[in-house]
Amino acid sequence: MKVLSVFGTRPEAIKMAPVVKALIMQPNIQSVVCVTGQHRTMLDQVLAFFDIVPDYDLAVMGTNQTLNELLAKIISKIDAVLAEVQPDYVLVHGDTTTAMAASVACFHKQIAIGHVEAGLRTYDLVRPWPEEFNRRIIDVAATKLFAPTQRSADNLRTERLGGEIIITGNTVIDALKQTVERIGSDPLLEENLNAKFAFLNPTKRVLLVTGHRRESFGDGMLGICRALLELSRRNDLEIVYPVHLNPNVQGPVRDLLSKNSNIHLIEPQEYLAFVYLMNKVDIILTDSGGVQEEAPSLGKPVLVMRNVTERPEAIAAGVVRTVGTDTTTIVNGVTRLLNDPEYYASFARAMNPYGDGYASQRIVASLMNNAFEPFVEHKSGITVI
């Protein structure tokens with residue numbers, strides 16, 4: 001069986017790396033990897049960490065290109081790859097323009113599609129934008145729908161789609177588990193990571209921030225920055241913000257926050273360093289889907305800077321809460337976690353409804369039509385680290 005994995009962004013690479021590794025281990029599968037370069041530097045960091053060398057690199061990224069320009073480039077360039085590789089299956093991940101474009105190209109050529117992380121929904125096409133649209137398009141075309149949770153599988157069943165629905169757990173937990181184990185088993189590596197973040201004051205609590213969603217550009221980013229400015233006035237708190245490379249994020253963040261000594265604006269971190277950082281901080285403020293899934297495994301309270309999320313399982317479990325981009329709501333959410341020990345403890349429970357670290361093996365087993373046990377939250381065990 002020939003399986004082509006297509007991805008282009010840092011989050012996709014993190015979540016697809018365990019799948020690629022699992023595919024390589026199967027003697028009856030020929031694994032081929034194509035990256036689009038939708039993210040460039042951040043993608044390359046993840047590829048290097050997981051020791052993945054792409055067979056094809058479409059290098060589609062351009063300065064300030066529109067989504068339509070990006071979509072057209074990917075579909076056009078991947079056409080030649082599909083013709084050359086002639087895959088039995090193409091695996092795509094999540095909700096990116098790369099994943100949607102690859103799926104459309106495969107659909108036009110009647111190539112079977114496996115959608116890793118299928119079925120997540122907000123049922124609001126502008127939140128997240130354009131991700132909600134992308135994910136739905138992929139699910140319509142997919143042959144195998146690898147749903148991470150029961151809820152995402154239920155969404156797919158309700159929509160009466162044609163693909164086979166398989167509950168696997170989320171591959172991001174596979175990647176996280178492997179990375180935490182790698183840090184813990186290498187004292188020299190841990191020592192180097194400690195030195196990398198030696199600027200953090202051990203007497204203060206730490207708030208980790210990530211923010212990059214398109215729907216937050218403009219007023220949303222300003223609201224986030226004003227909240228961080230207000231929180232930075234606390235004497236017991238430090239803020240660490242790895243700033244996304246997108247100019248729509250860099251501009252307001254650098255303009256408003258760069259002169260504040262209590263706020264550390266750092267470059268986007270390699271995956272290993274970011275996992276280490278997540279494990280060291282006290283609270284995480286994010287609009288990232290992946291971080292919403294990873295942080296509960298580490299026992300870190302997560303406040304999501306979005307009004308709705310397609311990942312409601314952790315909210316239902318009481319370890320994640322949405323705060324949007326309103327300055328006051330963000331400040332109040334962080335302040336309560338800092339000031340109320342009982343409230344903090346109710347969030348800071350190491351558990352995860354998204355996976356158990358074996359999603360990749362289930363995906364490969366499904367492709368090979370081998371028997372396996374689907375992921376079940378209450379049965380498989382939600383504490384993974």
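## Cavity lining, helix packing and a loop with cis prolines

By class, the lining of the largest cavity comprises 4 nonpolar, 4 polar and 1 charged residues, where Ala, Val, Leu, Ile, Met, Phe, Trp, Tyr, Cys and Pro count as nonpolar, Asp, Glu, Lys and Arg as charged, and the others, Gly among them, as polar. This is a predicted model, in which local features need pLDDT of at least 70 and side-chain atom pairs count only at pLDDT 80 or more, while totals for chains, interfaces and linings use all residues. Residues are numbered from 1 along each chain as its sequence is written, and side-chain values use heavy atoms, with hydrogens and water left out.

The lining consists of Val116, Glu117, Phe146, Pro148, Thr168, Gly169, Asn170, Thr171 and Ile363. On a 1 Å grid over the protein atoms alone, a cavity is a set of points where a 1.4 Å probe fits but cannot get out, and lining residues have an atom within 4 Å of a point; grid points are joined across faces, edges and corners, and a volume is the space filled by probe spheres set on the points.

Glu117, one of the lining residues, has a positive phi of about 75 degrees although it is not a glycine, and is placed in the loop between β5 and α5. Helices (H or I, at least four residues) and strands (E, at least two) are DSSP runs, numbered from the N terminus. Pro128 and Pro130 also belong to the loop between β5 and α5. The peptide bond from Arg127 to Pro128 is cis, with omega near -5 degrees, and a cis bond also joins Trp129 and Pro130, with omega about 5 degrees.

Two helix pairs are set out below, with axes fitted as lines to C-alpha atoms over the stretch in contact and angles running from 0 to 180 degrees between N-to-C directions.

| Helix pair | Angle | Axis distance |
|---|---|---|
| α4 (residues 97-108) and α5 (residues 131-141) | about 30 degrees | 9 Å |
| α7 (residues 171-184) and α11 (residues 271-280) | about 85 degrees | 10 Å |

Helices α4 and α5 are therefore roughly parallel to each other, whereas α7 and α11 are roughly perpendicular, given that angles under 35 degrees count as roughly parallel and 65 to 115 as roughly perpendicular. Contact means heavy atoms within 4.5 Å; between α7 and α11 the residues involved include Val172 and Leu176 of α7 and Tyr271 and Val275 of α11, and the classes are 10 nonpolar, 1 polar and no charged residues.

Technical notes
Angles under 35 degrees count as roughly parallel, over 145 as roughly antiparallel, 65 to 115 as roughly perpendicular and the rest as oblique. On a 1 Å grid over the protein atoms alone, a cavity is a set of points where a 1.4 Å probe fits but cannot get out, and a pocket is an open set with protein on both sides within 12 Å along at least five of seven lines; lining residues have an atom within 4 Å of a point.
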